[in-house]
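Hi,

Here is the model you asked for. My notes follow below it.

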Amino acid sequence: MAAAEVDVVVIGLGPGGEHLAASLAREGLSVVGVDRRLVGGECPYFGCIPTKMMIRAADALAEARRVEGLAGVADVHPHWDDVAGRIRDEATDDWDDKVAVERLEKAGARFVRGHARLAGPGRVTVQTADGTQELSVRRGVVLNTGTEPAVPPIDGLAGTPYWTNRDVVRLPELPASLAVLGGGAIGCELAQSLARFGVDVTIVEAGERILGPEEPEASEVVTKALEAEGITVRAGVGAEQVSYDGAFSLRLADGSTVGASSLLVAAGRRMNLGDIGLDTVGLDPSARSIEVDERMRASDGLWAVGDITGKGAFTHISMYQANVAIRDLTGADGPWADYRAVSRVTFTDPEVGSVGMTEKQARDAGLDVATAVAPLPESSRGWIHKVDNEGLVKVVADAGRGVLVGATTVGPAGGEILGMLVTAVHAEVPVATLRGMHFAYPTFHRTIETALGDLGL
Ligand SMILES: Cc1cc2nc3c(=O)[nH]c(=O)nc-3n(C[C@H](O)[C@H](O)[C@H](O)COP(=O)(O)OP(=O)(O)OC[C@H]3O[C@@H](n4cnc5c(N)ncnc54)[C@H](O)[C@@H]3O)c2cc1C
Ligand SMILES: NC(=O)c1ccc[n+]([C@@H]2O[C@H](COP(=O)([O-])OP(=O)(O)OC[C@H]3O[C@@H](n4cnc5c(N)ncnc54)[C@H](O)[C@@H]3O)[C@@H](O)[C@H]2O)c1
């Protein structure tokens, strides 16, 4: 059978791939989008959206519990059913992507459900339920194959009924207790949400602290907040052995054990690169990520966007890179990709927002570093807030240039406070200019003014 000729094939339709396929189709290009699972990828069905629905509900419970000590008494009765139902019906359509497929087709793209592989430059093969389709590509192939949950090779773990994020977002009811392997963003967000619904949670983190990529000050605030809610945080000790006999038992490296009725593995992600024919275009299928230039080109006629580029596993990075690739594929001008001011928010309570470099990254880069940390509880707004007002603003400056190169905001609405600091790092606004701004009273973001004042620049 002759291969069908098209302008662009998108392999994997995560947030970036879906957006790119629809946008190019709307521009009049002939586009085939391929996904072996659900159009939209991890974020809408198993990642950001369902977990943030859990967090919204869990935060409402926490806020109701704060009535005591501020405004009287609130009688709080958590119902997991409400969350499970909202995720099933409103977020994921019961894990059915019919609406997303229709949206893509309405934009003018053709959708194929199946596993796609490169079969040489400009050639793609798709294995579908009905057989194999061959595609010949005129303009380019875009890879957006994303990640799977990584399962560490811990003795006894394979073969037990452990959960990953893909199971937790579908739980019809909650377990009595949960061990969480990994204290990264997924582990911490889910641990706190489920604990607020009454689950007895223990986090086991092999690294020396939870939220390892964040500033140490941020990890400390979040650790204290989780512990204050009754979550056990075991950091600095990995699990060496897992057994299951109706309940889980984890033996940790220090000889202690953690028992729980269920186990969530949140120990990082594995990139989907091994089985997409990278070798047929001269790329290394065992590489940790796909190297791309500032236009998202991986090689001649091949682009890559999203988690697989290793530039930050976030939906906003996937979408940003898709827009860069769209500009390149349609012959438009830049701007091309720039990662100096990548931001992220971990939606624990308190939230952790961060942008650009941490203090350590700035020092490792050889910059002339100045830092300052301003505690939120000491601000007027923090003092008024009273209950659960922990948090801080940390700024990292390149003293030589007089600009911020990074910042961290921890606290109630920490992710929202971050906004102006993202602008500051991105646009390299001089610290002197930032200090001359007005900061409304009494806001949390006024703490930024305190931190800037303490920089000594
Ligand atoms: C629990 C959780 C919470 C998260 N929360 C946030 C958050 O709050 N904010 C945030 O910014 N990010 C969050 N993320 C990260 C976010 O989900 C990802 O960064 C985002 O989905 C972008 O991924 P992607 O575009 O690389 O592709 P993905 O979303 O991983 O999608 C890749 C797609 O490719 C398909 N595919 C793979 N191989 C093939 C193949 N060979 N053929 C056909 N199809 C293929 C897959 O089926 C999948 O649909 C979260 C992730 C998780 C797991
Ligand atoms: N709010 C957000 O933006 C958000 C939320 C969730 C996930 N994400 C994205 O998804 C990615 C994946 O999240 P994640 O939390 O799975 O990964 P992660 O890599 O951020 O964290 C995994 C953690 O597991 C630990 N770990 C690994 N092996 C272990 C073991 N054997 N025992 C104990 N601990 C172990 C690691 O030290 C690490 O701290 C994140 O990096 C992030 O980019 C983003």
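**What I found**

Glycine 268 sits in the loop between β14 (262–265) and β15 (269–271). Helices here are DSSP runs of H or I with at least four residues, strands are runs of E with at least two, and both are numbered from the N terminus.

A word on the source. This is a predicted model: local features need pLDDT of at least 70, side-chain atom pairs count only at pLDDT 80 or more, and totals for chains, interfaces and linings use all residues. Residues are numbered from 1 along each chain as its sequence is written, while chains are lettered from A and ligands numbered from 1 in the order in which they are written.

**Overall fold**

The protein has 15 helices and 22 strands. Its radius of gyration (over C-alpha atoms) is 24 Å, close to the 23 Å from the globule rule (2.2 Å times the number of residues to the power 0.38) for 457 residues, so the protein is as compact as a globular protein of that length. Along the principal axes, the C-alpha atoms fill a box of roughly 70 × 60 × 40 Å.

Of the 457 residues, 45% count as buried. Buried means 20 or more other C-beta atoms within 10 Å of the residue's own; exposed means 12 or fewer, and partly exposed is in between, with C-beta atoms placed from the backbone. Among contacts with a separation of 6 or more, 66% join residues 24 or more positions apart. A contact needs C-beta atoms, placed from the backbone, within 7 Å.

There are three domains: domain 1 (4–40 + 97–148 + 270–329), domain 2 (150–267) and domain 3 (343–453). The bounds come from an automatic or database domain assignment. The centres of domain 1 and domain 2, over C-alpha atoms, are 33 Å apart.

UniProt, in an unreviewed entry, lists "binding site" for Gly182, Gly183, Gly184, Ala185, Ile186, Gly187, Cys188, Glu189, Glu205 and Gly268. They span 87 residues in sequence, yet no two of their C-alpha atoms are more than 13.8 Å apart, so they gather at one spot. UniProt positions use the numbering here, feature names are shortened, and annotations may be inferred rather than shown by experiment.

Two of these residues in detail:

- Gly268 is partly exposed, with 15 other C-beta atoms within 10 Å. Beyond four places in sequence, Gly268 contacts Ala150, Gly182 and Gly184.
- Ile186 lies in helix α7 (residues 185–196). Ile186 counts as buried, with 23 C-beta neighbours inside 10 Å. Past its neighbours within four places in sequence, Ile186 touches Asn165 and Ala266.

Now ligand 2. There are 27 residues around it, and Gly182, Gly184, Ala185, Ile186 and Ala313 come nearest. A residue is near a molecule if its C-beta atom, placed from the backbone, lies within 6 Å of it. Elements giving two or more residues to this shell are α7, β9 (200–205) and β18 (343–346). Helix α7 gives the most, with four. By class, the shell around ligand 2 has 14 nonpolar, nine polar and four charged residues. Nonpolar covers Ala, Val, Leu, Ile, Met, Phe, Trp, Tyr, Cys and Pro; charged covers Asp, Glu, Lys and Arg; the others, Gly among them, are polar. Domain 2 and domain 3 both give residues to the shell, so ligand 2 lies between them.

**Ligand 1 and the other annotated pair**

The shell around ligand 1 has 36 residues, and Gly12, Gly14, Gly41, Gly146 and Gly306 come nearest. Elements giving two or more residues are α1 (15–26), β2 (31–35), α2 (42–45), α3, β4 (115–118) and α9. This shell divides into 13 nonpolar, 17 polar and six charged residues.

The unreviewed UniProt entry also places "binding site" at Lys52 and Asp307:

- Lys52 is in helix α3 (residues 48–65). It is partly exposed, with 16 other C-beta atoms within 10 Å.
- Asp307 is in the loop between β17 (302–304) and α9 (315–329). It counts as buried, with 25 C-beta neighbours inside 10 Å. Leaving aside neighbours within four places, Asp307 contacts Gly146, Thr147, Arg269, Met271, Ala313 and Ser318.

**One more residue in α3**

Ala64 is also found in helix α3. It is partly exposed, with 14 other C-beta atoms within 10 Å. Outside four places in sequence, Ala64 contacts Ala74 and Val76. Ala64 and Val76 are twelve residues apart in sequence and 6.9 Å apart in space, C-alpha to C-alpha.

Best regards

Notes:
Contact = placed C-beta atoms within 7 Å.
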